[in-house]
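Colleague: Could you walk me through this one slowly? I'm still new to reading structures.

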Amino acid sequence: MRTSFVGSQAAVEVLFNAKRGGCSEDCHFCSQSARYASDVQAEPLQTVESFLEAARAAHARGAGEFCIVVAVRGPSDALLGRVAESVRRIKRELPLRVAVSLGIMTEAHLRVLVECGVDKVNHNLETSRRHFPAICTTHTYEERLETCALVKRHGLELCCGGIIGMGETIEDRLDFLAELQALEPAEVPINFINPRPGTPLAEQSLVEPFEALRFVAMTRLALPSALVRFAGGREITLRGLQDLGMRSGASGLVIGDYLTTKGRQAEDDFAMLERLGFEVMA
Ligand code: SF4
């Protein structure tokens, strides 16, 4: 089914955590919330030169996409200005597609992103509408949906997914997929819970490997034309079964490290894609 809808191309992305920790929000899975005694030390926003260095490194590793992520509720003018300047310079210098993940946004924010050349905006729903209040109390599901709708209204690609294994039921997973179907995102990143010390979900169990594979397949069936990206937590959830994740319907990967956790070696991921007959998108 994947090959008939999206072919055998795989989209490979590198994440860049441009402002680590210190976030005002209380997402229960997140070690970047300032509310939890996690192992993440808050750091200020990186310099434009650091954005460029990270983008050059991503390109050199063979990624076609570079995603700039900041740990904030939403962007301040100063933060947005620096991200926009960095995106302009990256797009001038490198043939990368650039995505950003900047939290809750307004029309004015999105106009800036369109002007500076951003290709895609990530804003996850994370879980079902019913389960969301058990995961976050500082903003609402509706606020997330509004940002997603604004992204699309401004003609930018929407990247919207979530995290499996946060105590949701099977019905929640189906409802979550139904919400995504209504949004029609270009990309759906699927993460699996990787319990972070100090967060309210620190003791959460990992998702069973075959349950994880089943969710990847369900996502492909629910959103047949989307870029279904295999993202955080896949290494600890699937271990030696990651090939099966790509065979279950995923068509993209985050390579290298995630925002606060380590990924496996990029070479292992490229070897997996080659073994499975994927062609890496430039
Ligand atoms: S997921 Fe994002 S908004 Fe929520 S606490 Fe973490 S950085 Fe903040």
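Colleague: Before we go on, where do the numbers come from?

Modeller: This is a predicted model, in which local features need pLDDT of at least 70 and side-chain atom pairs count only at pLDDT 80 or more, while totals for chains, interfaces and linings use all residues. Residues are numbered from 1 along each chain as its sequence is written, and side-chain values use heavy atoms, with hydrogens and water left out.

Colleague: OK, how many bridges join strand 1 to strand 9?

Modeller: Strand 1 (residues 9–19) is joined to strand 9 by 4 bridges, and the two run parallel; two strands pair if DSSP finds at least two bridges between them. As one example, E13 has V254 of strand 9 as its bridge partner.

Colleague: And strand 8, what about that?

Modeller: Strand 8 (residues 227–230) also runs parallel to strand 9, with 2 bridges joining them, and R229 stands opposite G252 of strand 9.

Colleague: Which strand is A11 in, then? And is A11 buried or exposed?

Modeller: A11 belongs to strand 1, and A11 counts as buried because its relative accessibility is 1%.

Colleague: What is A11 in contact with?

Modeller: Leaving aside neighbours within four places in sequence, A11 is in contact (heavy atoms within 4.5 Å) with E65, L227, R229, S251, G252, L253 and M281. A11 and E274 are 263 residues apart in sequence, yet 13 Å apart in space, C-alpha to C-alpha.

Colleague: Switching to helices: how do helix 3 and helix 4 pack?

Modeller: Helix 3 (residues 77–93) and helix 4 (residues 107–116) pack at an angle of about 20 degrees with their axes 9 Å apart, where axes are lines fitted to C-alpha atoms, for helices over the stretch in contact, and angles run from 0 to 180 degrees between N-to-C directions. That angle makes helix 3 roughly parallel to helix 4, because angles under 35 degrees count as roughly parallel, over 145 as roughly antiparallel, 65 to 115 as roughly perpendicular and the rest as oblique.

Colleague: Which residues make that contact?

Modeller: From helix 3 they are L80, A84, V87 and R88, and from helix 4 they are H109, V112, L113, E115 and C116. By class, this contact has 6 nonpolar, 1 polar and 2 charged residues, where Ala, Val, Leu, Ile, Met, Phe, Trp, Tyr, Cys and Pro count as nonpolar, Asp, Glu, Lys and Arg as charged, and the others, Gly among them, as polar.

Colleague: What about helix 6 and helix 7?

Modeller: The axes of helix 6 (residues 170–183) and helix 7 (residues 209–222) come within 10 Å and cross at roughly 30 degrees, which means that helix 6 is roughly parallel to helix 7. R173, L174, F176, L177 and Q181 of helix 6 make the contact with E211, F215, M218, T219 and A222 of helix 7.

Colleague: Last one, which residues of helix 5 meet helix 6?

Modeller: In helix 5 (residues 141–153), whose axis lies 11 Å from that of helix 6, Y141, L145, C148 and K152 meet F176, E179 and L183 of helix 6.

Note on methods. Buried < 20%, exposed > 50% of the residue type's maximum accessible area, 1.4 Å probe, protein only.
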